[in-house]
Amino acid sequence: MSLGPFELRVTPEALKQIQKVMEDPSKKGLQKQIKKALLNLQKNPQHSSLRSHLMPQFDSMFGTKVYSSYAQNNTPQAYRILWAYGPDKKQLTVLAIIPHY
């Protein structure tokens, strides 16, 4: 994906998480929200609707500074996108898409 200023890379684990949501017909709303959030992330990781912020508790797990962005808001167990800058300039790596607990 390289429509905007950043190329999105997706880890195999994040890809599995995305596919699980996309294959579930009961999650049409979530599918649309994830697609929109990924597009906004690609265009501008600091887009106001994403509410991107550092998640230092995940840094050691992934070996880099990890950010969290909203795929959903005001929803029980709202989904979040965990991501990092890189590995190259103008690339973002989606690490996970998970419900927020």
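## Close-up views of a predicted model

View 1. If residues up to four places away in sequence are not counted, N40 touches P45, H47, S49 and L50, where contact means heavy atoms within 4.5 Å. The structure is a predicted model, in which local features need pLDDT of at least 70 and side-chain atom pairs count only at pLDDT 80 or more, while totals for chains, interfaces and linings use all residues. Residues are numbered from 1 along each chain as its sequence is written, and side-chain values use heavy atoms, with hydrogens and water left out.

**View 2. The nonpolar cores.** The largest nonpolar core holds 19 residues, and those with the most contacts inside it are I34, L38, L41, I81, V94 and I97; such a core is a set of buried Ala, Val, Leu, Ile, Met, Phe, Trp, Tyr and Cys residues joined through side-chain atoms within 4.5 Å. At least two residues of this core come from each of α1 (12–22), α2 (28–43), β4 (79–85) and β5 (91–99), and the largest share, five residues, is that of α2. Apart from its neighbours within four places in sequence, I34 is in contact with V21, M22, A71 and I97. A second, separate core has seven residues, including F58, L82, A84 and A96.

**View 3. The crossing of α1 and α2.** Two packed helices are described by the angle between their axes and the distance between the axes. Here the axes of α1 and α2 come within 9 Å and cross at roughly 140 degrees; axes are lines fitted to C-alpha atoms, for helices over the stretch in contact, and angles run from 0 to 180 degrees between N-to-C directions. That angle makes α1 oblique to α2, since angles under 35 degrees count as roughly parallel, over 145 as roughly antiparallel, 65 to 115 as roughly perpendicular and the rest as oblique. The contact involves I18, V21 and M22 of α1, together with L30, Q31, I34, K35 and L38 of α2. These residues divide into six nonpolar, one polar and one charged, where Ala, Val, Leu, Ile, Met, Phe, Trp, Tyr, Cys and Pro count as nonpolar, Asp, Glu, Lys and Arg as charged, and the others, Gly among them, as polar.

**View 4. Leu95 in its strand.** L95 has its place in strand β5 and is buried, with a relative accessible area of 9%. Leaving aside its neighbours within four places in sequence, L95 is in contact with T11, A14, F62, V66, L82, W83 and A84. From C-alpha to C-alpha, L95 and G29 are 22 Å apart in space, and they are 66 residues apart in sequence.

**View 5. Backbone details in the loops.** The peptide bond from G86 to P87 is cis, with omega near 15 degrees, and P87 sits in the loop between β4 and β5. K90 is found in the loop between β4 and β5; K90 has a positive phi of about 70 degrees although it is not a glycine, and at 45% relative accessibility it counts as partly exposed. R51 lies in the loop between α2 and β2 (53–54), where its phi is near 50 degrees, a positive value in a residue other than glycine. R51 is partly exposed, with a relative accessible area of 46%.

Key. Buried < 20%, exposed > 50% of the residue type's maximum accessible area, 1.4 Å probe, protein only. Helix = DSSP H or I, 4+ residues; strand = E, 2+ residues; numbered from the N terminus.
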